[in-house]
Amino acid sequence: MLAEALNLVLQPSVLLYIVLGVAGGMCIGCLPGLTTTMGVALVLPLTFGMDATHSILLLIGVYVGAVYGGSISAILLNTPGTPASAATALDGYKMASRGEAGRALGISTTSSFLGGTISCIFLILISPLLAKFALRFSAPEFFMLAVFGLCVISSISGKSMLLGLISGAFGILIATIGIDDITGTLRFTFNNMNLFSGINFIPVMIGLFAMSQAFVGVEDIFKKTAPTRKVTKVFPERSDWGVIIKNSFAFGSLGTFIGSIPGVGADIASFIAYGQAKSMSKHPEKFGTGLPEAISAPEAANNGVTGGALIPMLTLGVPGDAVAAIMIGALTVQGLQPGPLLFQNDGPIVYAIFIGLLIANVCMLVLGLNSVRLFTKVLSVPKSILVPTIFLLCFVGSYALANNIFDVIVMLFFGILGYFFQKIEMSSSPIILGLILGPMAESNFRRALLMGRGDYGTFLSTGICWVFFILIIVSLFLPMLQKKLLKSR
Amino acid sequence: MRKGKLVLAGVFITLSLFIIAFALELPASRKGVPGPGTWPILISLIMLFSAITVAIKSFNDKDKKPLGIAGKEQVRVYLSMISLVIYLIAMTFIGFAVSTFVMLYGFITWFSSYKWYFRVISSFAITAVIYCVFHYVLKVPFRFGVLF
């Protein structure tokens, strides 16, 4: 299996795609306003004509590069390229202001590399075991798992759990459009041929994450960005290595754990890591003045999320974050179904993903240490050119999926909707998760009842179901309890 | 923000009621096994309950944070949205390359103060690159419209 996977990854074209993906991701990441999810969503249409290995490894490259790339503008401009780098800006920019921009970038690059590598090791160790365990799941367990995923996402994403629930339910309802798998009945199609096969979630994703973000970009199109600082040498100082290694192991692991929880992304992980590093520090009062540990901790954590998010995606078919949801889309386009059976049926691809992730992290380190000056040039790309180009890529990308103008209309609709959702502080991620997990939940809900002859007790018939049931209750009520506790304090 | 949340709740209450009404017309459950309408009804009920709660909470809320949808910047966004709808319609009638060039030229002119020849060259270059990558490399056919 490993030999087959190595054979798949070590082709020159695959390696080139990983390098291009990481470089492209770094460019996307370092541009303020372009998020990691947007970058991966925009690159996705380019992968439609590729085979599974090239496609998924290109996207992984973009993912790894973009999560790291956000720190470049965070350190040099005090403007995080992606939300995941907001915590890095707090101390990174202060260090750069002292004339140590190269040192700050060096700390962020090495910490990102170590955090990403640790998450990859966890992915390799945990995923096969979890997938093996998940093979015991039948319809009731899969239903409970899907419900758990939806509850966690709804309760964690955004500022309000209720808005998250509405958003998630909306996603599930969109997924019900089309021909019903079990009875063949048409649902909510209104005799529109385009709706017979349902709404594909890729144009929805491009709309919600790329188009809506481009609309936000139009709002501040005339805002001038600060000039970038000059970077001479990108490398941490000898005294920084102890901090980097210590933090990378601790917060890379923390990032992996956070990333594996559905709905929690790199932005949350980096702030938790920053807070933890501060509370563990001997001099917390100096945080915010340009400390190496305050740069290292969030960077190790946000890159730790990359591997963590892939754990539930590959083993259970439940995306860890929005980027993992797009990767599910990429795998589905290739005819692969993420979940426990992926390890059995397409083992070499799974191991190719593991190896590709490791290689992507090495590429990120090499490019980060040697070519950061080149990437800072990307910061000078004018928004007036960038935003219309993103509009165009969104149009062409959604059209390319099935050569159907209807997909472009869907993308534009969800782009406009996503913009208004942002205005009302309603997270768009639950819609996508609802779209992905909705069909999984519904089909297993009905299959379980069919097997149990209509007995609803089937959903609590096994120990695994009970574990999920308890987790669902905890995920729904924990945020409420936390809020009440905070208020009482 | 309060008004916005009330509008949002209203939209989703209407949507959930609409879905419930449609789902009730779908074939019913048989021998305890749910029919095609059961799942949408269940989810719509969750959405309805959540939207009603949001409406009640927002009604009592004294949050005066502005929604930020009526400023000069937002009007620019709405105009962009309208322009893109026009572009979509134009693309199907005129053709991909010509309408894309016009769309890009229009946006770049609006968003920047570059010299006319820079705007023409950049619009042409972006259109050409995207067309070549998708049409020739990825084999995406752009066969619509009377022009190119």
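Where in chain A does A:Asn191 lie? I looked this up before anything else. A:Asn191 sits in the loop between strand 2 and helix 9 of chain A; helices (H or I, at least four residues) and strands (E, at least two) are DSSP runs, numbered from the N terminus.

**Ground rules.** I note that this is a predicted model, in which local features need pLDDT of at least 70 and side-chain atom pairs count only at pLDDT 80 or more, while totals for chains, interfaces and linings use all residues. Residues are numbered from 1 along each chain as its sequence is written, chains are lettered from A and ligands numbered from 1 in the order in which they are written, and side-chain values use heavy atoms, with hydrogens and water left out.

Entry: I checked the backbone of A:Asn191 and found a positive phi of about 60 degrees, although A:Asn191 is not a glycine. Most residues other than glycine have a negative phi. A:Asn191 is exposed, with a relative accessible area of 69%. The cut-offs are under 20% relative accessible area for buried, over 50% for exposed, and partly exposed in between (1.4 Å probe, protein chains only). A:Thr189 is placed in the loop between strand 2 and helix 9 of chain A as well. At 5% relative accessibility, A:Thr189 counts as buried. Leaving out residues up to four places away in sequence, A:Thr189 touches A:Gly178, A:Leu195 and A:Phe196; contact means heavy atoms within 4.5 Å.

**Entry: another positive phi.** I found A:Glu425 in the loop between helix 18 and helix 19 of chain A. Its phi is near 60 degrees, a positive value in a residue other than glycine. A:Glu425 is partly exposed, with a relative accessible area of 26%.

**Entry: chain A against chain B.** How many residues of chain A are in contact with chain B? I read 61 residues of chain A, in contact with 67 residues of chain B. The size of an interface is often given as the accessible area lost when the parts come together. Here the two chains bury about 5,500 Å² between them, 84% of it on carbon and sulfur atoms; buried area is the accessible area (1.4 Å probe) that two parts lose on being put together, summed over both.

I then looked for polar links. Across the interface of chain A and chain B there are zero salt bridges by the rule, which asks for a side-chain nitrogen of Lys or Arg within 4 Å of a carboxyl oxygen of Asp or Glu. Six residue pairs are in polar contact across this interface (both at pLDDT 80 or more). A polar contact is a pair of N or O atoms within 3.5 Å; within protein, one must be able to donate a hydrogen and the other to accept it, and residues adjacent in sequence count only if both atoms are side-chain atoms.

On the side of chain A that touches chain B, helix 17 (383–402) is among the elements that supply at least two residues each. Helix 17 gives the most, with twelve residues. I sorted the residues of this side into 44 nonpolar, eight polar and nine charged. In this count Ala, Val, Leu, Ile, Met, Phe, Trp, Tyr, Cys and Pro are nonpolar, Asp, Glu, Lys and Arg are charged, and the others, Gly among them, are polar.

**Entry: A:Arg446.** Is A:Arg446 buried or exposed? At 2% relative accessibility, A:Arg446 counts as buried. I placed A:Arg446 in helix 19 of chain A. A polar atom of its side chain lies 3.4 Å from the backbone oxygen of B:Pro34. The residues that A:Arg446 touches include A:Asp180, A:Arg187, B:Val33 and B:Pro36, not counting residues up to four places away in sequence.

**Entry: salt bridges.** I counted ten salt bridges over all chains. A:Glu219 and A:Lys423 form one of them, with the closest N and O atoms 2.8 Å apart. A:Glu219 lies in helix 9 and A:Lys423 in helix 18 of chain A, so the pair ties together parts that are 204 residues apart in sequence. A:Glu219 counts as buried at 14% relative accessibility, and A:Lys423 is buried with a relative accessible area of 17%.

**Entry: cysteines.** I searched the whole structure and found zero disulfides over all chains; a disulfide is a pair of cysteine sulfur atoms within 2.5 Å. For A:Cys363 the nearest cysteine sulfur, that of A:Cys120, is 13 Å away.
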